[in-house]
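Here is a short briefing to read with the model open beside you. Take it topic by topic, and pick out each residue as you go.

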Amino acid sequence: MIFPVVINTVIFLLLSVLHIYWAFGGGLWIDSVLPTNSSGTKMLNPSMPTTFIVAFGLMFLAFVTAGNQGFLDNYINKKYFRYGSLIIAIIFLLRAIGEFKYVGFFKTITATQFAINDTQIFSPLCLLIALSSFSIFILNKNKS
């Protein structure tokens, strides 16, 4: 079970670092990671505090995922990490499916740079995270 835990934990930590970079004003990739409408107007304009909240949320997801390895069993019941992984799986599966306009596999706006990146990178990554999290949940069933 260590493989899906390591994969998801590393992904969450890397995404967290990237969000911290953006929160401090970094501009790398910023124009291609925010949803835009068909005329190119950004549909989101996250503030510094909002971006930090996302970064720390991603760190929390890494903590929950890593907790499935049992290193905190003396302090926190493992079932919280297991069911946390199920919640993570559901959240990222819903993100992969999308909201049917700007994000997800079933979006209708498909010609923007974000939409292309979402189809090729972001939604598949969310699906990978969801499947890995489901596998963590299933493989941990006898360890709760």
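Of the contacts in the chain between residues at least 6 apart in sequence, 61% join residues at least 24 apart. Keep in mind that this is a predicted model. The chain has 5 helices and 0 strands, and its elements run α-α-α-α-α from the N terminus on.

**The chain as a whole**

- Along the principal axes, the C-alpha atoms fill a box of roughly 55 × 30 × 20 Å.
- The chain counts 144 residues, and buried ones make up 41% of them.

**Helix H1 and what follows**

- H1 is built from 22 residues and reaches 31 Å from its first C-alpha to its last, close to the 32 Å expected at 1.5 Å a residue.
- Just after H1, Gly25 takes a positive phi of about 100°.

- As background, most residues other than glycine have a negative phi.
- Trp29 is not a glycine, yet its phi is positive, at about 70°. You will find Trp29 in the loop between H1 (2–23) and H2 (30–33).
- Phe100, also a residue other than glycine, has a positive phi near 75°. Phe100 sits in the loop between H4 (78–97) and H5.
- Is Phe100 buried, partly exposed or exposed? Phe100 has a relative accessible area of 49%, so it counts as partly exposed, since exposed means over 50%.

**Ala111, in the loop between H4 and H5**

- Ala111 also belongs to the loop between H4 and H5.
- With a relative accessible area of 73%, Ala111 is exposed, because that value is over the 50% cut-off.
- How far apart are Ala111 and Gly40 in sequence and in space? They are separated by 71 residues in sequence and by 9.9 Å in space, C-alpha to C-alpha.

**Helix H5 and the segment after it**

- H5 covers residues 113–139, which is 27 residues. From first C-alpha to last, H5 reaches 37 Å, close to the 39 Å expected at 1.5 Å a residue.
- Where is the kink in H5 centred? Look at Thr119, where the kink is about 50°.
- Asn140 comes in the segment after H5.
- The relative accessible area of Asn140 is 0%, so this residue is buried, as buried means under 20%.
- Leaving aside residues up to four places away in sequence, Asn140 touches Met1, Asn68, Lys78 and Arg82.

Methods: Residues are numbered from 1 along each chain as its sequence is written. This is a predicted model: local features need pLDDT of at least 70, side-chain atom pairs count only at pLDDT 80 or more; totals for chains, interfaces and linings use all residues. Side-chain values use heavy atoms; hydrogens and water are left out. Helices (H or I, at least four residues) and strands (E, at least two) are DSSP runs, numbered from the N terminus. The expected span of a helix is 1.5 Å times one less than its number of residues. The bend at a residue is the angle between axes fitted to the seven residues ending there and the seven starting there. Buried means under 20% relative accessible area, exposed over 50%, partly exposed in between (1.4 Å probe, protein chains only). Contact means heavy atoms within 4.5 Å.
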